[in-house]
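Reader: Could you walk me through this one? I would like the definitions as we go.
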Amino acid sequence: MSLVIALALVACKKDAAKVAPTPTPVTAGAVGADGVRRVAIEANKEGYRPDRVGGKPGEKLTLVFTRTADSSCIAQLKTPDGKLVDLPMNQPVEVAVTVPATGEVGFACGMDMFHGAVIAEKSS
Ligand SMILES: [Cu+2]
């Protein structure tokens, strides 16, 4: 039990150390034939890579999640609109999301341990 707590503390410290990483640029990924930008996100034992996706306010995006680690933690994804979806191993799962006008919308693992966000970037 104490080992579990110790591991949890280590995980928390690691998270606290990476202070709000810079979101991916609003040009990350590739725009498909439908005009929707697709951004690939890997879900592994360390969480989501990238875990902060920048977009233009109101922009529609398709997040393409691929789980690459055999971990029950990330086997489910809580999407920005609150749905729980399964992430089978090595099988891309598309999640549609609209970038908010301001601020960010989050996604998380099914246990709410790992988090990521889609972030509205001011156009420059
Ligand atoms: Cu989890």
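Author: Let me begin with a term: buried means under 20% relative accessible area, exposed over 50% and partly exposed in between, with a 1.4 Å probe and protein chains only. By that cut-off, both Cys 73 and Cys 109 are buried. This is a predicted model, in which local features need pLDDT of at least 70 and side-chain atom pairs count only at pLDDT 80 or more, while totals for chains, interfaces and linings use all residues. Residues are numbered from 1 along each chain as its sequence is written, and side-chain values use heavy atoms, with hydrogens and water left out.

Reader: OK, which protein donors does the copper ion have?
Author: The copper ion has Cys 73 (SG) and Cys 109 (SG) as its protein donors, lying 2.1 to 2.2 Å from the ion. Donors are N, O and S atoms within 2.8 Å of the metal (3.2 Å for Na, K and Ca), and since water is not among the atoms, sites may look incomplete. Cys 73 sits in the loop between strand 5 (60-67) and strand 6 (76-78) and Cys 109 in strand 9 (residues 104-109), so the pair ties together parts that are 36 residues apart in sequence. Strands (E, at least two residues) are DSSP runs, numbered from the N terminus.

Reader: Switching topic, how many aromatic pairs are there?
Author: The structure holds 3 aromatic pairs, where rings of Phe, Tyr and Trp (its six-membered ring) pair if their centres lie within 6.5 Å, and planes under 30 degrees apart count as stacked, over 60 as edge-to-face and the rest as tilted. One of them joins Tyr 48 and Phe 65, whose ring centres are 5.9 Å apart with the planes at 80°, so this pair is edge-to-face. It links distant parts of the chain, with Tyr 48 in strand 3 (residues 47-49) and Phe 65 in strand 5, 17 residues apart.

Reader: And what about Tyr 48 with Phe 107?
Author: Tyr 48 and Phe 107 also form an edge-to-face pair, at 5.3 Å centre to centre and 80° between the planes. Tyr 48, Phe 65 and Phe 107 form one aromatic cluster.

How values were computed. Helix = DSSP H or I, 4+ residues; strand = E, 2+ residues; numbered from the N terminus.
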